[in-house]
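Hi,

Here is the structure we discussed. Please have a look, then read my notes below.

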Amino acid sequence: MDPAGPQHEATDQMIAKAGAEGVPTCFSRLAAHGPPCAFGTSGLCCRVCNLGPCRITRQRPRGVCGADADTIVARNLLRQVAAGSAAHCDHARHMVELLRDLAAGRAEGYRIEDPAALRRAGRLYGLETERKPDLALAGELADVWLAEFTAQDRPMRSLALAPPARRERWRAAGLSAAGIDRTIVEALHRTVMGVDHDYRHLLAHTLRTALADGYGGSAIATMAGDILFGTPRPVESVANLGVLHADRVNVVVHGHNPAVSEKIAQAAGSPEIAALARAAGAAGVNLVGICCTGHEVLHRHGIALAGGVLQQELAIVTGAVEMMITDVQCCMPGLAQAAAGYHTELVTTSDIARTEGFTPEPFDGRDDDGHARRLLARAVSHFRRREAARVAIPSQRAPVLAGFSVQAIRGLLGGSLRPLVERLADGRIRGVAAIIGCSNPKVASDRYAAELVRGLISRDVLVANTGCAAAASAREGLLSPALAVPQAGPGLRQLHEQYALPPVLHLGSCVNNARFLELGAALAAELDGRADLGDLPLVATAPEWISEKVPAIGCYLVASGVDVILGQDLQTTGSPNVEAFLSRHARELLGAGVHVCLDPAGALGRAMELLDSRRARRAARVSPTAGRPTSSALRAP
Ligand code: BF8
Ligand code: SF4
């Protein structure tokens with residue numbers, strides 16, 4: 001199946017429909033807002049105490065308390081990274097609690113879907129894994145993981161997921177994060193008025209906090225998800241708004257928690273629900289996903305992906321969605337205004353997420369299967385209220401191959417990453433680039449990501465996609481081997497021919513960026529026992545960022561030795577010192593830094609330069625050197 005016409009047309013059509021029907025969306029609200037506040041975008045607005053709020057200018061270089069631009073910008077960034085890390089880590093906590101409850105017989109309807117993933121994780125933490133039942137091991141592992149949250153005066157054990165050389169670097173730089181909760185609480189304490197004011201000291205804790213996310217929250221959420229719901233394997237599906245069906249009851253799962261969407265997916269496949277749908281005059285129930293919950297069910301069940309963060313309201317604007325079931329993160333409150341214009345019921349399934357206009361339906365581990373069936377039955381009952389004359393579903397849908405866990409990649413390569421390592425060493429593959437993060441309506445959405453991905457694969461750079469950037473690739477047909485392979489260079493084409501490994505690998509949701517860290521560590525181990533992520537031709541790009549989770553991801557990637565190219569500025573431009581720390585000093589300290597390239601051609605050039613210099617450095621076995629100076633800002637010259 002070829003994608004029919006430019007895929008962003010589906011988005012454009014629904015923006016126009018919303019406009020014609022007077023339904024507000026983030027696009028119309030963005031236009032109404034106009035240019036954002038320059039104090040906010042530069043990080044120079046401080047509102048951490050009531051002596052202020054203070055806005056720093058040349059005439060007023062210090063806040064009322066005496067804090068300067070460096071302190072304020074660094075403090076704001078640390079708060080952002082703490083919040084983004086908290087989101088991933090609290091998600092992980094819920095997964096670990098589910099695992100603990102399952103082990104204790106308190107999570108009815110759940111099971112260990114992937115015992116091999118359980119044993120793999122147990123071994124990583126030094127647990128005896130062979131002579132005990134699954135549930136006993138799951139209970140022990142859950143206890144180990146819960147202790148990662150509460151550890152006070154020791155580093156997180158999960159830091160050992162990184163190569164030894166990287167851990168040594170963190171030890172030397174004092175960046176080894178203690179327990180997740182302590183690290184994040186300390187971030188908030190340090191940024192209260194009158195505590196930590198040295199921007200370098202604040203930024204060190206920013207990196208430490210991000211590490212608690214990458215190797216703590218994100219890695220644990222990923223491993224726990226694989227144990228409970230299965231380690232993803234390659235699976236075919238379709239993506240874009242055209243996955244909605246005019247003759248079926250359309251239900252959208254949206255958010256990040258795989259437990260809820262898993263239960264909905266299981267219930268949606270039941271004959272009982274199909275019979276209800278037929279009795280209501282529909283051809284069946286069509287379950288589709290939005291955002292990272294969408295990636296979770298895509299990866300494990302091949303459920304179609306309607307879109308990323310920018311398609312959430314537009315799915316409703318089709319007029320064909322009976323119910324949208326949300327959990328946590330990236331579920332815009334504006335959904336309520338969009339849904340008010342149609343017959344769509346919005347449901348929130350998380351106890352910590354309430355929004356006016358959403359029906360609270362918390363899933364609590366007791367009878368979640370029954371709860372999922374009752375919700376779907378209610379969705380079916382809404383089908384009769386659909387206004388046929390207002391239904392307009394875009395035709396665009398692109399084929400997708402998803403499900404690339406590290407285990408799946410290794411499996412395709414014949415059981416070992418050696419074929420990839422050899423190609424990275426001799427240059428047939430010039431590197432691996434993670435393309436991650438959100439889609440932002442402030443920029444020409446998706447075009448940056450798509451142009452970059454096309455440029456990278458044509459130059460034989462293997463792309464690892466996650467989150468909304470993966471949804472963007474999906475819409476462009478870049479997650480379809482049949483469409484992507486002809487656009488790839490000879491090295492990637494040969495890799496696909498020999499091993500069926502496509503040029504663009506969909507690694508999963510945003511917490512699954514931990515799979516990129518896992519892939520990096522596995523490649524380093526395959527290269528030689530002393531290698532580190534900083535020695536490998538790895539790079540990451542976040543073309544468009546929205547959520548505070550993305551600066552957190554960017555910081556843990558840099559702390560791991562992976563250069564990060566952003567397509568939009570961080571909110572740090574008000575402090576040249578903070579920007580110099582993130583680009584140059586981080587490079588000296590950690591072998592990687594933050595770069596900003598506002599256009600995809602610049603990002604492509606910078607990515608290739610970084611990858612080639614890493615490969616050359618590795619070949620020459622010289623130690624990392626300071627990067628090219630980038631003047632006062634992170635931006636590419
Ligand atoms: O965690 S990429 S808009 S959906 S934050 Fe959110 Fe950004 Fe999308 Fe998933 Ni990730
Ligand atoms: Fe102003 Fe200082 Fe209070 Fe911030 S902490 S609002 S800079 S007085």
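Predicted model: local features only at pLDDT ≥ 70, side-chain atom pairs only at ≥ 80, totals over all residues.

From which domains does the shell around ligand 1 draw at least three residues each? The answer is domain 2 (241-390) and domain 3 (398-626), with bounds from an automatic or database domain assignment.

Residues are numbered from 1 along each chain as its sequence is written, chains are lettered from A and ligands numbered from 1 in written order, and side-chain values use heavy atoms, without hydrogens and water.

Ligand site. Residues surrounding ligand 1 (a heavy atom within 4 Å) include Cys291, Cys292, Val309, Gly437 and Ser547. The shell splits into seven nonpolar, three polar and one charged; Cys counts as nonpolar and Gly as polar here. Two polar contacts (N or O atom pairs within 3.5 Å) stand out for a check. A polar side-chain atom of His256 lies 2.7 Å from a ligand 1 oxygen. For Lys549, the distance to an oxygen atom of ligand 1 is 2.9 Å.

Salt bridges (a Lys or Arg side-chain nitrogen within 4 Å of an Asp or Glu carboxyl oxygen). The count is 40. One of them joins Asp198 and Arg200, at 3.2 Å from N to O. Another salt bridge pairs Arg373 with Glu272, at 3.7 Å.

Best wishes

Definitions and conventions
Polar contact = N/O pair within 3.5 Å; in protein donor to acceptor, adjacent residues only side chain to side chain.
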